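These are my notebook entries on a structure that I looked up. I kept each entry to one topic.

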Amino acid sequence: MEIEGGKISGSQLLALLVLTRLVPVTIEFPLVTGIKSPQDAWISSLVGTVLSILPVLLMVRLSLKYPGKTIIEYSQLLLGKFFGKIAGFVLVWYWLSIAATMLRSVGDAYTTAIMPETPILAFILVVGFLSANAARSGLEVVGRLGEVNMLVVILSVLLTLSLPYKVMNFENLLPVLSKGIRPIMLPTGTAISFFVEFIILGMVAPYLNNPQTLTKSSLGAIAISGFMMTAFTVVLIAVFGPTVSSLMLPAFSLARMISIGEFLERLEVIPMSAWTITVAITLAFFLWASAVATAQLLSLKRFQSLVYPLAAISVAFSILFFESFFDLELYFKKIWVPYSLTVTLGISIILYLASFIRGRSSASTKVTGLCHRNH
Amino acid sequence: MPPKSLSKFINFIFITAFLASTLTGCWNRRELDTLGFVTALGVDRTGEDKIEITVHIAKPFAIARATEGSVSPEKSFWVVSSTGSTAFEAIRNLLLQSPRRPFYAHNRFIVIGEECARTGVKEILDLFARDGEARRLARVEVVKGATAKDFMQQVEFELERLPSEGGQGISRSVQEGLSAEPVDCTLNSFLQWLETEGVEPIAVRIDMVPKNPAAPSNVGHLLREQVKISSKHGGAAVFKGDKLVGWLDEKEMRGVNWVTGKVRSGILVIEQPNEKGKLVSLEILRAKSKLQPEVKNGEVLVTLRIDAEANLGEMQGTLDLVKYPQAWTEMERKMVEAIETEVMAAISKAKELNSDIFGFGAALNRRHPEEWDSLKDRWDLEFPRIDVKLEINAKLRRMGLVTRSSEPR
């Protein structure tokens with residue numbers, strides 16, 4: 001019995017993962033906000049990207065070890081029904097909370113930047129409803145959306161990065177690491193905490209055309225998004241200097257610095273389209289994952305009927321969790337990093353240890369046997 | 001396509017209704033003809049702790065009428081002021097007088113009165129960094145010896161209908177042709193200078209210049225050749241922190257530009273070799289600079305290397321360069337001296353005001369962060385004692401279309 005009938009290709013997975021990672025980059029960019037030594041933010045970004053390879057490879061290995069199974073299924077296999085389901089529900093909660101923060105981010109971004117008097121619900125509802133529709137149509141639709149739109153997003157990010165060339169001053173990047181490693185540790189953690197959202201590939205792995213592309217796609221996604229994020233950080237520092245740490249919407253502010261020949265100006269629409277596209281598609285992706293995960297946890301036959309309720313929950317969370325943009329900023333600064341790292345790294349490490357122990361104790365026959373029985 | 005079943009039909013209706021509701025537009029919709037485009041904005045502090053904002057709002061109909069061919073006797077902008085306890089309150093209070101909602105996205109100038117700049121501008125600039133409508137690319141300028149309100153109400157320019165266009169044109173020329181004003185004096189740069197260690201902000205200096213005091217007064221009318229007061233852009237307002245502490249004139253400002261490597265063009269006047277009392281004008285082509293700060297025995301030493309190129313533009317006396325080729329190197333030597341004079345004038349003025357507008361401290365921080373860390377707390381004491389070593393390398397490239405001046409028989 002397959003809950004999700006569709007299959008996606010490796011490049012579609014790559015696109016979805018890149019978009020997932022670019023959501024916080026194109027909107028708030030918590031990595032640079034409030035950072036103590038702003039000129040070193042790009043080092044955090046680079047180091048964070050490199051350090052993220054390890055946990056993501058761990059997630060990939062787990063999925064490759066249990067082909068044809070989602071993380072929800074093999075966690076029950078490894079930890080037993082009870083603890084496995086707890087892990088599953090924690091993941092669903094995690095994804096829904098990400099969905100809620102994404103909705104809130106895009107809503108707050110719109111209301112801060114251009115339409116301060118519009119109720120935030122207007123943006124959240126539209127994005128939430130459209131994403132839920134896409135998620136209901138299944139992974140294939142979401143994957144194709146991602147593949148098509150990734151180029152649009154990358155193009156708009158590159159435009160935002162290159163067009164303000166006149167106001168860039170790369171001397172702002174000096175001195176390197178003058179205040180030591182300490183001030184860049186937390187931002188590095190912030191960078192990693194967004195990369196570990198890639199745990200969602202545990203839901204997609206069984207639905208890949210060719211499971212062997214999983215490693216390549218994940219590492220490719222880390223490389224592409226890591227590069228974009230680092231380039232973004234470098235340009236932001238070059239343009240804004242130490243004031244970068246005070247920016248609420250860095251990509252938006254950056255686009256406002258574009259002025260070419262005094263006629264190519266006011267190009268805020270570029271990052272705004274990037275916000276909307278990244279959030280809408282990533283949201284669809286996370287809604288799909290939580291719906292399929294919930295369906296598997298509750299042994300339902302269809303996940304589609306869960307999508308609208310879950311979307312409604314994340315819309316409600318996005319309103320209830322945060323009262324203001326400031327709350328969201330505080331959440332990213334204080335709660336998000338330990339929360340995200342604990343949930344994803346905790347679950348992956350426990351699962352990996354469990355699979356290691358099981359593999360040893362029963363010489364791997366039991367696990368593979370179980371696998372076959374479930375097919 | 002007809003819906004196939006009832007549930008699909010309901011879905012269809014629901015989605016159509018939903019999508020239709022998104023087509024109606026947004027809460028914050030503003031039509032063009034309800035907006036008044038602010039082209040320049042002035043800020044002052046008035047007596048009783050209030051902030052006064054003066055804006056120029058473009059009059060679209062007056063501009064349109066003028067472009068249609070007939071000369072409009074009407075001014076193409078409207079000057080209006082309002083006060084409030086904060087800058088934002090003052091700006092919002094403009095609504096009491098303006099039938100169209102002022103719109104700040106096209107504002108190019110933030111003009112600050114001298115008094116206001118001396119008491120500090122941080123409280124005022126925050127609004128323009130925070131607000132979504134204002135741009136960080138607006139230029140920060142300070143009016144010498146007057147309030148921003150006076151400037152905004154009185155100053156007009158020949159050749160341009162909108163003072164903001166005029167100011168922009170003059171600024172561009174002064175930057176490109178004279179190098180006598182700060183190059184990117186935008187709000188973005190100003191805020192960066194404010195926050196960066198070891199550098200103080202500067203802003204463009206404006207002087208009001210009476211043009212034609214005898215002209216008859218016609219309030220509300222701008223007739224050609226009757227601009228009474230215009231302004232001169234050039235030089236710089238020197239800040240220390242967010243407070244104005246002094247002024248640089250045009251020569252001194254070009255000195256600053258030599259130091260920061262931002263000189264683009266300008267005229268250097270030197271004495272003509274081998275002929276007393278005659279002058280030579282050199283047209284600067286391009287310049288580069290390199291700062292090398294270091295700390296030697298506890299003393300800060302800045303080595304400043306300037307490479308400049310110029311063309312021979314004018315010669316008052318008669319000198320056949322083909323006959324006296326040694327005059328060429330002589331002129332290059334005098335060019336070095338001329339640059340040195342400007343640079344030293346700027347440095348001594350900055351030392352006198354004790355404001356590190358060149359960013360010597362920031363340069364030290366970039367090269368030697370540990371040494372900067374030990375110096376930054378007493379930079380105020382160190383900066384006036386800095387030793388600057390100049391290494392100027394001047395090249396004359398071309399001499400124009402003739403080799404010698406015409407000699408009277």
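**Entry 1**

Is B:Arg130 buried or exposed? I read a relative accessible area of 65% for B:Arg130, so the residue counts as exposed. I note here that the model is predicted. I then looked for the partner of B:Arg130 and found a salt bridge with B:Asp126, with 3.1 Å between the closest N and O atoms. Both B:Asp126 and B:Arg130 belong to helix α5 of chain B, residues 122–130, and they stand four residues apart, about one turn of the helix. B:Asp126 has a relative accessible area of 35% and is therefore partly exposed.

**Entry 1. Other salt bridges of chain B**

I recorded 30 salt bridges in the structure over all chains. One that I followed joins B:Lys376 to B:Glu197, where the closest N and O atoms are 3.3 Å apart. B:Lys376 sits in the loop between α12 (369–375) and α13 (379–382) of chain B, and B:Glu197 in the loop between α8 (187–195) and β7 (202–210) of chain B, so this pair ties together parts 179 residues apart in sequence. B:Lys376 is partly exposed at 28% relative accessibility, and B:Glu197 is partly exposed at 28%.

I also looked up B:Asp307, which forms a salt bridge with B:Arg305 at 3.3 Å between the closest N and O atoms. I read 22% relative accessibility for B:Asp307, which counts as partly exposed. B:Arg305 is partly exposed as well, with a relative accessible area of 35%. Finally, I noted a network of salt bridges that links B:Glu299, B:Arg378, B:Glu382 and B:Arg385.

I checked the length of helix α7 of chain B, residues 163–178. Its 16 residues should span 22 Å at 1.5 Å a residue, and the end C-alpha atoms are 21 Å apart, which agrees. Among the buried residues of α7(B) I listed B:Pro163, B:Gly167, B:Ser171 and B:Val174. What covers the buried residues of α7(B)? The cover includes strands β1 (35–46), β2 (50–58), β3 (77–84), β5 (109–113), β6 (139–143) and β8 (229–240) of chain B. After α7(B) comes B:Ser179, which has a positive phi, near 55°.

I next turned to B:His233, which is placed in strand β8 of chain B. B:His233 counts as buried because its relative accessibility is 5%, and buried means under 20%. The side chains of B:His233 and B:Ser171 are joined by a polar contact of 3.2 Å. A polar contact of 3.5 Å joins the side chain of B:His233 to that of B:Ser231. Beyond its neighbours within four places in sequence, B:His233 is in contact with residues including B:Glu141, B:Phe157, B:Gly167, B:Val174 and B:Arg205.

**Entry 2. B:Arg254**

I looked up where B:Arg254 lies and found it in helix α9 of chain B, residues 250–260. B:Arg254 has a relative accessible area of 4% and is therefore buried. A polar atom of the B:Arg254 side chain lies 2.8 Å from the backbone oxygen of B:Ile267. Leaving aside neighbours within four places in sequence, I found B:Arg254 in contact with residues including B:Leu178, B:Ser179, B:Ile284 and B:Glu342.

**Entry 3. The interface of chains A and B**

How many residues of chain A are in contact with chain B? I noted 32 residues of chain A in contact with 29 residues of chain B. The area buried between the two chains is about 2,700 Å², and carbon and sulfur atoms give 53% of it. On the side of chain A, A:Phe129, A:Arg256 and A:Arg266 lose the most area to chain B, together 23% of what that side buries.

The rule finds two salt bridges across the interface of chain A and chain B. I also looked up the salt bridge between the side chains of B:Arg135 and A:Glu268, which meet at 2.9 Å, N to O. The elements of chain A that give two or more residues to the side touching chain B are α4 (120–136) and α8 (213–240). The largest share, five residues, comes from α4(A). I noted that this side of chain A divides into 17 nonpolar, seven polar and eight charged residues.

Notes
Residues are numbered from 1 along each chain as its sequence is written. Chains are lettered from A and ligands numbered from 1 in the order in which they are written. This is a predicted model: local features need pLDDT of at least 70, side-chain atom pairs count only at pLDDT 80 or more; totals for chains, interfaces and linings use all residues. Side-chain values use heavy atoms; hydrogens and water are left out. Contact means heavy atoms within 4.5 Å. Buried area is the accessible area (1.4 Å probe) that two parts lose on being put together, summed over both. A salt bridge is a side-chain nitrogen of Lys or Arg within 4 Å of a carboxyl oxygen of Asp or Glu. Ala, Val, Leu, Ile, Met, Phe, Trp, Tyr, Cys and Pro count as nonpolar, Asp, Glu, Lys and Arg as charged, and the others, Gly among them, as polar. The expected span of a helix is 1.5 Å times one less than its number of residues. Buried means under 20% relative accessible area, exposed over 50%, partly exposed in between (1.4 Å probe, protein chains only). A polar contact is a pair of N or O atoms within 3.5 Å; within protein, one must be able to donate a hydrogen and the other to accept it, and residues adjacent in sequence count only if both atoms are side-chain atoms.
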